[in-house]
Amino acid sequence: MVITPREQGLKVAKAIETMDPQIREQANQANRELATKQHQEFKEKFAKGICWHCNKPLTSFDAREPCPHWLLKPEGFEKKHMEVLTERYSWEVLDNFLRWVANEEVFAQNINDLVDEGTGKIAEVTIKYKNLQWSFSCGGNDLSGHEGGGELSKRPHYHFQMYVDDKPFIRYNDFHLPLHTMDVALLEAKRANPKIYKRIVGGAGMAEILHEGNLENIVEHLRSGDGADEVTAPFKMDTFIVAEPGKPMKAEDVQRLMLEARAEGVTFAKKARQMKNVNVTTVVSAGPGVIEQKVRSGRGRKQLRDQDRAWREQQKRKD
Ligand SMILES: [Zn+2]
Ligand SMILES: [Zn+2]
């Protein structure tokens with residue numbers, strides 16, 4: 001009996017879903033410990049210019065030995081090598097490696113996996129490191145397989161884009177790259193329940209930072225920028241204060257809190273909560289320092305997002 005990657009992936013997804021919660025938690029714990037150790041090793045080697053996967057210099061290239069570090073574009077790596085690389089290594093492995101790399105430059109801001117900034121695909125992410133940018137994209141049709149790209153597009157696959165010095169090196173429509181079993185399992189689980197989110201030790205992107213459960217933490221503990229680093233800010237916080245009916249709000253109270261927040265180095269959002277007889281709403285979103293998602297299609301959302309960012313800039317200038 002031949003079992004397709006899709007069937008295999010669905011089986012794994014089902015097995016994980018129906019696993020005894022206690023056993024699943026133990027497995028997760030063991031995985032996290034292993035990943036923490038591996039991430040530490042990665043960091044040590046990366047600092048010395050050595051690849052965690054193959055133990056060779058990150059600048060080395062051997063066409064007979066595919067390795068995720070090829071995506072750092074050592075001399076000799078060309079577009080045509082992409083297929084042999086992705087036959088050997090899954091999306092999961094490549095994504096994890098690139099996330100670790102990106103976080104060596106700046107934490108989380110180089111990884112835009114925010115659902116709000118994508119185009120509604122099952123999984124979309126753009127990752128940056130120095131002059132390199134990689135994007136992965138998988139929509140429902142890709143996961144199920146679609147016509148239009150020969151046999152390769154009929155199997156579960158994803159699309160990949162790579163920019164070097166802001167110029168395209170690999171384009172989304174160049175390849176239909178194979179999803180491996182665990183990729184299919186995770187993506188099928190996500191398709192069934194879009195809220196499923198896999199934490200990657202050492203590979204946190206903006207989705208994890210701006211996760212619902214983390215927002216309170218940001219408002220409470222973030223130190224407010226002094227203005228000088230606004231271009232690189234990972235967050236944008238908009239706080240709306242609305243007076244309760246019949247209870248006017250004093251402008252000087254708001255101003256005083258703003259000054260206090262600045263003096264104490266805490267966020268205004270945190271200070272605003274001390275006000276009486278008002279409703280305070282804070283919206284936390286990705287700041288201007290976050291890499292933009294290079295989306296595959298559906299320009300609409302990107303434009304909206306750009307407009308939104310432009311609008312915020314305008315508001316800032318008005319202040
Ligand atoms: Zn390597
Ligand atoms: Zn496709």
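H4 is mostly covered, with 11 of its 15 residues buried, where a residue counts as buried if 20 or more other C-beta atoms, placed from the backbone, lie within 10 Å of its own, as exposed if 12 or fewer do, and as partly exposed in between. The model is predicted, so local features need pLDDT of at least 70 and side-chain atom pairs count only at pLDDT 80 or more, while totals for chains, interfaces and linings use all residues. Residues are numbered from 1 along each chain as its sequence is written, and chains are lettered from A and ligands numbered from 1 in the order in which they are written.

Helix H4 (residues 91-105) reaches 22 Å from its first C-alpha to its last, close to the 21 Å expected at 1.5 Å a residue, the expected span being 1.5 Å times one less than the number of residues. Among the buried residues of H4 are Trp91, Phe97, Trp100 and Val101, and also Asp95 and Arg99. What covers the buried residues of H4 includes helix H2 (21-47), strands S1 (111-112), S2 (123-129), S3 (132-138) and S4 (157-164), and H7.

## Packing of H1 with H7

Helix H1 (residues 5-17) packs against helix H7 (residues 181-192) at an angle of about 60°, with their axes 7 Å apart; axes are lines fitted to C-alpha atoms, for helices over the stretch in contact, and angles run from 0 to 180 degrees between N-to-C directions. That angle makes H1 oblique to H7, since angles under 35 degrees count as roughly parallel, over 145 as roughly antiparallel, 65 to 115 as roughly perpendicular and the rest as oblique.

On the H1 side the contact includes Leu10, Val12 and Ile16, and on the H7 side it includes Met182, Val184 and Ala185, two residues being in contact if their C-beta atoms, placed from the backbone, lie within 7 Å.

## Pro156 in its loop

Pro156 is found in the loop between helix H6 (150-154) and S4. Pro156 is buried, with 23 other C-beta atoms within 10 Å. Not counting residues up to four places away in sequence, Pro156 touches Pro5, Arg6, Leu143, Gly145, Leu179 and Val184. The C-alpha atoms of Pro156 and His180, 24 residues apart along the chain, are separated by 8.4 Å.

## The whole protein

The protein has 12 helices and eight strands, which are DSSP runs numbered from the N terminus, helices being H or I of at least four residues and strands E of at least two. Buried residues make up 30% of its 319 residues.
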